[in-house]
Amino acid sequence: MMRRGLAAAIAAGVVALGMTIAGCTSGKTPPVAARDPLADSADQVFYHAKSRLTDHGVMKSELHADTGYFFDDNTRIEMRVDTTYFFTVTGAPNAVLTSREGTYNTRTGNMEARGNVIYVRYADDIVAGFEHESDAVRFLAELRERLEKFALSLHPNKTRLIEFGRHAAGDRKKRGLGKPETFNFLGFTHICGRSRRGLFLLHRKTRRDRMRVKLRALKAELKRRMHEPIPKQGRWLAQVVRGYFAYHAVPTNYARLAAFRFHVTELWRQTLRRRSQKDWTTWDRISRLEAAYLPLPRILHPWPDARFVVKHPRWEPGARIAPAGICAGGAQR
């Protein structure tokens with residue numbers, strides 16, 4: 001059975017993951033046709049349409065739609081806010097599929113449901129999030145088929161289909177499962193978290209493995225610069241920390257920023273103590289050097305919903321539709 005807010009994610013290249021966009025309505029709403037331009041070109045428009053598919057008298061599925069637009073001599077139906085009920089061979093209901101949009105072929109009985117989708121790509125890494133699991137499964141199958149035509153394939157260890165989003169934690173808890181899976185993308189681990197008000201909030205944390213790699217490289221460079229004057233070392237470390245913060249200082253990542261600054265200070269103290277057997281660099285001294293040279297951790301990047309491209313999404317199909325209907329992270333601050 002299709003579950004509410006089930007998000008599935010597929011990624012090619014390095015990472016796999018998905019996000020859920022959930023929406024809700026309250027009260028009675030007018031038929032979609034009242035505000036859908038598709039009604040102008042349709043042969044017929046039906047409100048609260050219903051269609052049944054049977055096989056030798058046995059009910060296989062039953063389709064309900066808020067609004068149905070009939071095209072091509074009633075062989076193709078474009079539906080809005082539709083629900084499809086599926087039945088077993090004995091006629092008992094066993095599954096329900098809901099979608100914001102759908103296309104139904106009355107000749108073949110094929111139904112293509114479409115829900116909300118998020119798609120993000122950077123170089124050869126992509127993240128695709130789907131409101132409905134069926135969309136994600138179909139996308140993954142068609143993506144594999146498409147890549148095979150060019151003698152390409154998805155990396156088996158870097159392509160995942162996971163449940164993620166604002167409803168993932170609650171739905172998994174009802175089924176007796178653990179916390180939602182996390183995923184890595186562009187140097188951050190994405191986590192289903194909560195805001196201070198208890199609402200869903202996407203948490204981004206610097207990847208632990210990437211931080212360890214950075215600190216190991218920093219340790220090797222400090223060893224090479226061991227005998228440089230302390231002020232020169234301090235100015236160089238300040239540039240390193242400032243550059244690290246410039247990328248990683250995103251909301252919900254303050255703890256990792258503070259941890260990085262602490263480890264840099266510890267590596268600097270160890271390096272100074274190794275310069276001489278008589279060196280007595282204490283924590284009090286290194287604390288003063290830290291305060292003098294290393295910048296304090298602070299969030300530099302705004303929340304996604306405060307960015308200009310989100311306030312003015314001119315690249316989105318619905319850029320002129322107000323309100324936008326997408327709240328970054330899902331939480332209302």
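Biologist: Is Arg-160 buried or exposed, or does it count as something in between?

Modeller: This is a predicted model: local features need pLDDT of at least 70, side-chain atom pairs count only at pLDDT 80 or more, and totals for chains, interfaces and linings use all residues. Residues are numbered from 1 along each chain as its sequence is written, and side-chain values use heavy atoms, with hydrogens and water left out. Buried means under 20% relative accessible area, exposed means over 50%, and partly exposed is in between (1.4 Å probe, protein chains only). At 28% relative accessibility, Arg-160 counts as partly exposed.

Biologist: Which residue meets Arg-160 in a salt bridge?

Modeller: A salt bridge needs a side-chain nitrogen of Lys or Arg within 4 Å of a carboxyl oxygen of Asp or Glu. For Arg-160 the N to O distance is 3.1 Å.

Biologist: How many salt bridges does the structure hold?

Modeller: Opposite charges can pair when the charged atoms come close. The total for this structure is 11.

Biologist: How far apart are the closest N and O atoms of Arg-224 and Glu-221?

Modeller: Both residues lie in helix H3 (residues 208-224). They are 3 residues apart, so about one helical turn separates them. Arg-224 is exposed at 60%, while Glu-221 is partly exposed at 21%. The closest N and O atoms are apart by 2.6 Å.

Biologist: Are Arg-269 and Glu-266 buried or exposed?

Modeller: They form a salt bridge at 3.1 Å, and both lie in helix H5 (residues 254-273). Arg-269 has a relative accessible area of 15%. Glu-266 has 16%. Both residues are buried.

Biologist: Which residue takes a positive phi in the hairpin of S2 and S3?

Modeller: Two strands pair if DSSP finds at least two bridges between them. Strand S2 (residues 44-55) and strand S3 (residues 58-71) run antiparallel, joined by 11 bridges. Leu-53 has Ser-61 in S3 as its bridge partner. With 2 residues between the strands, the phi near 55° belongs to His-56.

Biologist: By what angle are neighbouring strands of the S9-S10-S11 sheet turned on average?

Modeller: The 3 strands form an open, antiparallel sheet. S9 and strand S11 (200-206) are at the edges with a single partner strand each, so one side of each has no neighbour in the sheet. Axes are lines fitted to C-alpha atoms, for helices over the stretch in contact, with angles from 0 to 180 degrees between N-to-C directions. With direction ignored, the average turn is 40°.

Biologist: Which residue in S11 stands opposite Cys-192?

Modeller: Strand S10 (residues 188-194) runs antiparallel to S11, and 7 bridges join them. The residue opposite Cys-192 is Leu-202.

Note on methods. Helix = DSSP H or I, 4+ residues; strand = E, 2+ residues; numbered from the N terminus.
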